Amino acid sequence: MLSPIRKPRIFTRLTKDKCLSLLENCSSLKELKQIQSQVFRAGLHHNKDALNRMMSFCTDPQFGCLTYAEKIFRNIQNPSLFIYNLLIKAFTKKGRMKSTLQLFDKLRWGGLSPDNFTFPFVLKAMGCLKLVSEGQKIHGFIVKRGMEFDAYVRNSLMDMYSELDCVEYQTKLFDEMPDRDLISWNVMISGFVKCGKFEEAIAVFLQMEKEGVGYDEATLVSTLSASSAIRDVELGKRIHHYMDEKLEFSIVLGNALLDMYSKCGYVSLARKFFEEMPMRNVISWTSMVSGYANCGQLDEARNLFERSPTRDVILWTAMINGYVQFSKFGEALDLFREMQIKGIKPDKYTVVSLLTVCAHLGALEQGKWIHEYIEDNISITDSFVGTALVDMYAKCGCIEKSLEVFSKMDRKDTASWAAIICGLAMNGETNKALNLFTEMTESGVKPDNITFIGILSACNHGGLVEDGRRYFDSMKRVYQIEPKLEHYGCFVDLLGRAGLLAEAEFLIEKIPNDEHALPLWVSLLGACRIHGNVEVGERLAKRLGDIKSCNSGMYTLMANIYAAAEKWEDVTKLRRKMKDLGVKKTPGCSSIVVNGIIHEFLVGDTSHPQSRGIYSLLSCIARSMDSEEELFDLTTLLFSADNSAETRTKNRWKTW
């Protein structure tokens with residue numbers, strides 16, 4: 001028997017009450033459009049209740065359509081405040097912050113007065129767009145409207161100021177609140193966490209405890225973030241105990257606790273909690289993998305990584321970061337290849353980790369491929385990605401390419417300027433580095449301690465003693481930056497190279513924490529050897545003689561100083577001391593990338609599977625040094641082989 005054909009729903013001309021009833025019970029956009037035609041036929045297209053119900057449905061994130069809501073809105077002659085609020089809320093929830101503010105302006109131009117349902121979403125948009133002055137103007141408008149003590153509006157004001165990094169305004173609003181609800185306390189804690197003021201966030205949490213204010217999930221998640229940042233595992237344990245006693249398990253709260261244990265280095269406690277979790281998601285696995293990776297337990301991290309039922313880009317990046325952090329660059333690149341094969345699209349954090357690998361290995365071809373990928377899929381105008389590219393090209397010796405990337409960046413923060421200045425310094429471009437530093441300060445960007453490492457290194461490369469003195473002095477006097485050991489090291493090296501050994505020695509003695517100054521004394525010892533100053537060298541050697549250090553460079557330099565003074569007995573004693581202390585010279589290491597594979601070699605290393613052929617070729621090169629013609633032929637052969645390898649490397653990377 002054939003089932004009856006279902007006829008489409010057909011509406012006859014309906015009354016006002018029937019139209020409103022249908023709108024109230026509407027369940028799909030298609031049905032809404034049918035009802036809307038009946039609304040128009042009934043002459044209700046200007047009816048306030050009908051319009052409100054249509055817009056309520058269209059702005060509903062579950063059933064509605066924001067595009068269709070905008071279309072209806074454009075045809076409403078005098079939208080009510082209720083309709084404006086619905087659309088403002090929908091724009092904000094969709095992340096269309098500029099549209100939110102444009103609609104707010106239109107609301108005011110239309111003669112309507114915003115209420116306590118309007119302001120919270122407008123303030124949210126101000127915070128997300130980082131509009132400080134405009135946010136303060138809205139604050140003033142709220143005060144004029146007499147709404148500054150409305151709890152909903154005031155909490156939103158506090159949240160906006162936390163997004164704008166204006167913690168002092170946030171704190172003032174909180175302190176002046178006559179009645180604080182739980183949301184006020186939560187906004188205060190999360191605001192401090194956003195601004196990196198973790199101890200202040202914990203202080204607010206402790207004040208909550210003191211005043212007997214109850215907690216919810218949001219309170220504990222923010223507090224756990226603060227405790228993990230300052231490694232306060234005891235507070236984390238106390239929250240864990242409270243969760244077990246008072247709250248039911250929540251995956252969000254469980255992940256926050258897991259993250260806290262992992263970041264505090266309590267991996268065994270994290271693993272115990274991880275195994276006991278009644279449910280886990282990819283965030284749980286990522287926290288556990290990151291915890292093991294940060295502690296250097298890369299095998300255990302990889303084991304968990306392989307066991308994870310689902311792997312998103314964040315989990316892949318966490319494992320790659322673990323390898324990069326402990327200089328396992330080959331493993332990082334291998335994992336990236338596997339990630340590509342699996343079809344996982346890397347994000348900006350993944351490519352920044354890979355650019356770090358390329359920078360350390362000098363793997364320029366892979367770095368260029370990643371650059372192409374960034375241009376096609378991400379953006380080099382992003383300061384985080386752009387800075388990594390600048391650093392990679394500079395460390396690979398392509399300083400012109402580094403400058404080109406830097407010039408294309410829309411927003412240059414302190415890290416970006418520091419990267420290009422340090423890159424120019426390490427490539428011997430002293431004048432360009434100093435000129436860029438001037439341009440940086442004139443543009444209003446404040447230099448940090450890394451910027452000054454680059455500037456002092458540039459002065460060192462150029463032998464600019466007076467400039468070095470001026471910049472070193474300006475750190476504390478002009479920019480309130482306390483010089484660190486690295487800055488002293490650059491300046492001491494500059495003075496040592498210039499032969500100003502007495503001034504360098506005096507500077508080292510002025511270092512606040514001189515127990516860490518051993519590398520500087522070694523650097524000065526090297527300057528004594530260069531300038532042949534046996535007298536100062538002997539004095540420094542005697543001063544360092546009682547230090548039981550495993551720094552092989554220090555002993556080598558001391559031996560050279562004694563040898564220059566023909567004190568062979570002291571040389572023998574020094575070598576005997578090295579043997580007794582078990583000091584060994586750190587072997588040199590070289591690496592080369594062929595066909596996308598990294599080959600590393602130590603001095604005298606025979607572990608490479610082709611070591612016999614490599615040493616045979618090196619012997620040929622050594623024997624050919626006496627014959628220009630033979631050497632030319634051999635060099636031509638090597639370069640042609642290298643070029644073909646480079647071509648194969650390019651092709652291989654482009655298939656990823």
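Mentor: Let's start with a definition: a helix here is a DSSP run of H or I that is at least four residues long, and helices are numbered from the N terminus. Keep in mind that the model is predicted. Now try that on helix α29, which covers residues 485–497.

Trainee: Okay, how many residues apart are Arg497 and Asp493 in helix α29?

Mentor: They are 4 residues apart in that helix, so about one helical turn separates them. Their side chains also meet in a salt bridge, at 3.1 Å from N to O. The cut-off for calling it that is 4 Å between a Lys or Arg side-chain nitrogen and an Asp or Glu carboxyl oxygen.

Trainee: And is Arg497 buried or exposed?

Mentor: Arg497 counts as exposed because its relative accessibility is 55%, and exposed means over 50%. Asp493 has a relative accessible area of 23%, so it is partly exposed.

Trainee: Which residues do salt bridges that share partners join into one network?

Mentor: That would be Lys124, Lys130, Asp159, Glu163 and Lys194. Searching the whole structure turns up 28 salt bridges.

Trainee: What separates Lys395 and Asp391 in helix α23?

Mentor: About one helical turn, because they sit 4 residues apart in that helix, residues 383–395. Lys395 makes a salt bridge with Asp391, and their closest N and O atoms are 3.3 Å apart. Lys395 is partly exposed at a relative accessible area of 39%, and Asp391 is partly exposed at 24%.

Trainee: Let's move to rings. What describes a pair of aromatic rings?

Mentor: Two numbers: how far apart the centres are, and the angle of the planes. Centres within 6.5 Å make a pair, and by this rule the count comes to 19 aromatic pairs. Take Phe73 and Tyr84: their centres are 5.4 Å apart with 75° between the planes, which makes the pair edge-to-face.

Trainee: Where in the chain are Phe73 and Tyr84?

Mentor: Phe73 belongs to helix α4 (residues 66–74) and Tyr84 to helix α5 (residues 81–93), 11 residues apart, and the pair links distant parts of the chain. Both of these residues are buried.

Trainee: Why is the pair of Trp369 and Tyr373 stacked?

Mentor: Because the planes are at 20°, with the ring centres 5.8 Å apart; planes under 30 degrees apart count as stacked. These two are 4 residues apart in helix α22 (residues 364–377), so about one helical turn lies between them. Trp369 is buried, with a relative accessible area of 9%, and Tyr373 is buried at 12%.

Trainee: Which residues form one aromatic cluster?

Mentor: Phe437, Phe452, Tyr471 and Tyr479 do.

Trainee: What about the surface: which residues form a positive surface patch?

Mentor: Look at Lys33, Lys71, Arg74 and Lys106. Lys106 is in helix α6, residues 97–109, and it counts as partly exposed because its relative accessibility is 42%.

Trainee: One last thing: how many residues apart in sequence are Ile138 and Val122?

Mentor: 16 residues, while their C-alpha atoms are 8.7 Å apart in space. Ile138 is in helix α8 (residues 132–144) and counts as buried, at 5% relative accessibility. You can read Ile251 and Ser284 likewise: 33 residues apart along the chain, with 8.5 Å between the C-alpha atoms. Ile251 is in helix α15 (residues 251–263), and at 22% relative accessibility it counts as partly exposed.

Definitions and conventions:
Residues are numbered from 1 along each chain as its sequence is written. This is a predicted model: local features need pLDDT of at least 70, side-chain atom pairs count only at pLDDT 80 or more; totals for chains, interfaces and linings use all residues. Side-chain values use heavy atoms; hydrogens and water are left out. Patches are made of residues with over 30% relative accessible area and no salt bridge: like charges are joined within 9 Å, nonpolar side chains (Val, Leu, Ile, Met, Phe, Trp, Tyr) within 5 Å. Accessible areas come from the Shrake-Rupley method with a 1.4 Å probe; for residues, only the protein chains shown count as cover. Lys and Arg count as positive and Asp and Glu as negative; His and the chain ends are not counted. The place of a charge is taken as NZ of Lys, CZ of Arg, CG of Asp or CD of Glu. Buried means under 20% relative accessible area, exposed over 50%, partly exposed in between (1.4 Å probe, protein chains only). Rings of Phe, Tyr and Trp (its six-membered ring) pair if their centres lie within 6.5 Å; planes under 30 degrees apart count as stacked, over 60 as edge-to-face and the rest as tilted.
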